[in-house]
Amino acid sequence: MTDSLVVPEDTIRTTVGDLDLPRMGVVEQVWETDPIPADAIESRAADAVGSLDFASVPDGGEVAIGAGSRGIANLPAIVRGVVAGVRDRGYDPFVFPAMGSHGGATAEGQREKLNTLGVSEASVGCEIRATMAVETVGETPERGVPVYADENAVAADGIVMVNRIKPHTDFGGEVESGLSKMLVIGMGKQKGAKMAHDWAVDWSLRNMLPEITSQLLDALPVAGGVAVVEDEHDDTTLIEGVPASGFLERERELLEIAYERMPTLPFDGLDVLVVDRIGKDVSGQGMDTNVTGRRHFTINEPEPESPEVKRIYLRGFTAKTKGNAMGMGQADFAHRDVRENIAPSKALINAITASTVRSVRLPPVVENDRAGLLGALGTIGPVAGDEARVLRVTDTMRLQRCYASAPLIEAARERDDLRVVAEPGDIAFDDDGDFVAPSPGED
């Protein structure tokens, strides 16, 4: 049966007229990195616990360890190290999912979500306690916004959060994605996450996170957090224990480091960006808005200053995202595989909770890659197709190697931070009109 929402290639060709396609080569970004060796991750995490403040925790007391963010490299080893570090100091650790509404907003779903991240009772060596029940532990002074926290964490003698420090996709501020956000939204479960995103509509998370973090630090026995920073390859480059007294100040400093190490597109101005896949395991918004420069689907938040991308063509999803289409609203065209593999309920629940429903709007759907590229090129203004600045990436997390059109290849030759790996050639399509060449980030 023909899908009436899928526009055939012939229709696109007729509409855009005679249009040359760009010749594409390959460029590689040159990054200098110094990751922590894999066999040292666990011990580094255990050592980081030594910087935390357990003064209020009695000997043998229970310590709740919050974990659950997606896409963190070496997460099982990091959590296992934190568990060992807590236990070595004479306390009784347990892990709880600190992931807001994820996992279908059910306790079992969140336990399973942790398991898919490699965090299980067997892998980290302690009990996992999952619940969606929360307690109200305070309210913000001026607005009277209730502050929620996981019931099991509230009952513990101490709390330790484990998270990666990174730029957030929905907003910019002194504190973005990291320990404070996990404390406020992750530990707040579905109720806390919905509260935060509802109020973010006119208050902004950049203002809310520091204020509610301070409320939680005053109300609960937070010993601190173990912060992780990753490099351009998404390898672990820093693991640091941050006591509660330094949460906001140190997190600001670590965020600056994370911005410096964040992989970005190799060019600031593009006519067309082709993204092979989006997914929650790539970014909370499917494709990182700090990479694409598109944050128009959020409310009360400015766009990133760069890059400037005229058109985005989206080709599909990661396997791990299981049809969660968060981020597809950033695209201008989408391959038919996007429409065929969407899990609408999962995407909409996520979008409603985050108050970013425009992020899951379905772009115009085209029959194949050739149609998507032609449609994008036909809407960038008076730029000849063979002169267009076109970049194709695997996703917004894997950006070291990219397909680049001839004008970008020529620009890359003049830069020390880029290497030309393959000279431009004609784009090869299969019998269905899809790209023959694999994703540029595939080995």
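**A walk through the sheet around β3**

Strands here are DSSP runs of E of at least two residues, and helices are runs of H or I of at least four residues, numbered from the N terminus. From β3 the chain passes through helix α3 (residues 75-88) and on to β4, and this β-α-β crossover is right-handed, a term used if, with the strands pointing away from the viewer, the path from the first strand over the helix to the second runs clockwise.

Please keep in mind that this is a predicted model, in which local features need pLDDT of at least 70, side-chain atom pairs count only at pLDDT 80 or more, and totals for chains, interfaces and linings use all residues. Residues are numbered from 1 along each chain as its sequence is written, and side-chain values use heavy atoms, with hydrogens and water left out.

Returning to the strands, β3 (residues 62-67) and β4 (residues 92-97) pair in the parallel sense over six bridges, where pairing requires that DSSP finds at least two bridges between two strands. Within β4, Pro97 is the residue that stands opposite Ala67. β3 also runs parallel to β8, joined to that strand by four bridges, and Ala64 stands opposite Ile159 in β8.

How many of the six residues of β3 are buried? Five of them are, so β3 is mostly covered, with buried meaning under 20% relative accessible area (1.4 Å probe, protein chains only), exposed over 50%, and partly exposed in between.

Taken as a whole, the open sheet has six strands in the order β5-β4-β3-β8-β9-β10, with mixed pairing. Because β5 (127-128) and β10 (236-243) stand at the edges with a single partner strand each, one side of each is left without a neighbour in the sheet.
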